[in-house]
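Notebook open. I want to look up a few residues and see what surrounds them.

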Amino acid sequence: KRELASAAVAASPVSPALSLICDNVRTPDNLGAVIRVAAAAGARQVICTRGCVNAWSPKVVRAAAGAHFLIPIIENMEWGTLRQQNIIDDYPYVLLSDLDDGSNTENLNKFKDVLNELETEFDVEGEERSYSNPELCERYRGVPLATIRASELKSLNGFREAVVVVGGETEGVSDAAHMFCHRHQGARLSVPLRNNVNSLNVISAASLVLFRVRDALENS
């Protein structure tokens, strides 16, 4: 496994770079298919947070249809060590693949004081402890994110890397992912749904979002 993993290098990653974070994706078939989509979309790596199913379990490998040998997969990643280990760029554009929750995002400036207070607490606790603090993560989630419709994402000028976060189907992206997004001045990337459909399978959502982000990066 170590030899195979070390030989997996993205042959034609999109530029600027694209990374995918799988946040608590626990179903083997889903994770495998998402890894395959990430490889096809030109991602340079797939990062699996602690809580994801084992990326090298037989069902995941089968569902990925060979993608394990095409791009690096980093497992058991903690949110608080992503930047410390130089896994991603220091200043990425973070996009949470999530449904628009209906929050009033027209005047995000009114939440500036709340964010400043949270940032102060974050700095006092430190990065690793902050991401391990459920109460602090939950409060970050309570602050609305800027929301961008996937169809409106045309370019990502000024960024060297886009980081897309997809979550498991039961709970979606985690509170820690919301903290991570706020810390990088990121946004929620949503795909409007019709006919009273309230959610998409993580594979479908990842496919729509990753290829849209790839096009935006190529237009940068």
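Where is the place of Asn-195? I find Asn-195 in the loop between β7 (187–190) and α8 (202–218). Helices (H or I, at least four residues) and strands (E, at least two) are DSSP runs, numbered from the N terminus.

Ground rules first. I am working on a predicted model, where local features need pLDDT of at least 70, side-chain atom pairs count only at pLDDT 80 or more, and totals for chains, interfaces and linings use all residues. Residues are numbered from 1 along each chain as its sequence is written, and side-chain values use heavy atoms, with hydrogens and water left out.

Most residues other than glycine have a negative phi, and most peptide bonds are trans. I list some exceptions. Asn-195 is not a glycine, yet its phi is positive, about 55 degrees. Its relative accessibility is 75%, so I log Asn-195 as exposed. My cut-offs: buried is under 20% relative accessible area, exposed is over 50%, partly exposed is in between (1.4 Å probe, protein chains only).

Asn-76 also has a positive phi, near 55 degrees. Asn-76 sits in strand β3 (residues 73–77) and is partly exposed at 46% relative accessibility. Just after α7, Gln-185 takes a positive phi of about 50 degrees. The peptide bond from Ser-15 to Pro-16 is cis, with omega near -5 degrees. Pro-16 belongs to the loop between α1 and β1.

**Entry: Asp-23**

I looked up Asp-23 in strand β1 (residues 17–23). Asp-23 is buried and has no salt bridge. A salt bridge here needs a side-chain nitrogen of Lys or Arg within 4 Å of a carboxyl oxygen of Asp or Glu. The nearest side chain of opposite charge is Arg-141, 7.0 Å away. Lys and Arg count as positive, Asp and Glu as negative; His and the chain ends are not counted.

Contact means heavy atoms within 4.5 Å. Beyond four places in sequence, the contacts of Asp-23 include Thr-49, Trp-79, Gly-168 and Ala-177.

Gly-168 lies in the loop between β6 (161–167) and α7. Its relative accessibility is 12%, so Gly-168 counts as buried.

**Entry: helix α7**

How many of the nine residues of α7 are buried? I get seven, so helix α7 (residues 175–183) is mostly covered. Among them are Ala-177, Phe-180 and His-182.

**Entry: aromatic pairs**

I searched the whole structure and found four aromatic pairs. Rings of Phe, Tyr and Trp (its six-membered ring) pair if their centres lie within 6.5 Å; planes under 30 degrees apart are stacked, over 60 edge-to-face, the rest tilted. Trp-56 and Phe-69 have ring centres 6.4 Å apart and planes at 65 degrees, so I log this pair as edge-to-face. Trp-56 is buried at 18% relative accessibility. Phe-69 is partly exposed at 41%.

Trp-79 and Phe-180 make a tilted pair, 5.1 Å centre to centre with 50 degrees between the planes. This pair links distant parts of the chain: Trp-79 is in the loop between β3 and β4 (93–97), Phe-180 in helix α7, 101 residues apart. Trp-79 and Phe-180 are both buried.
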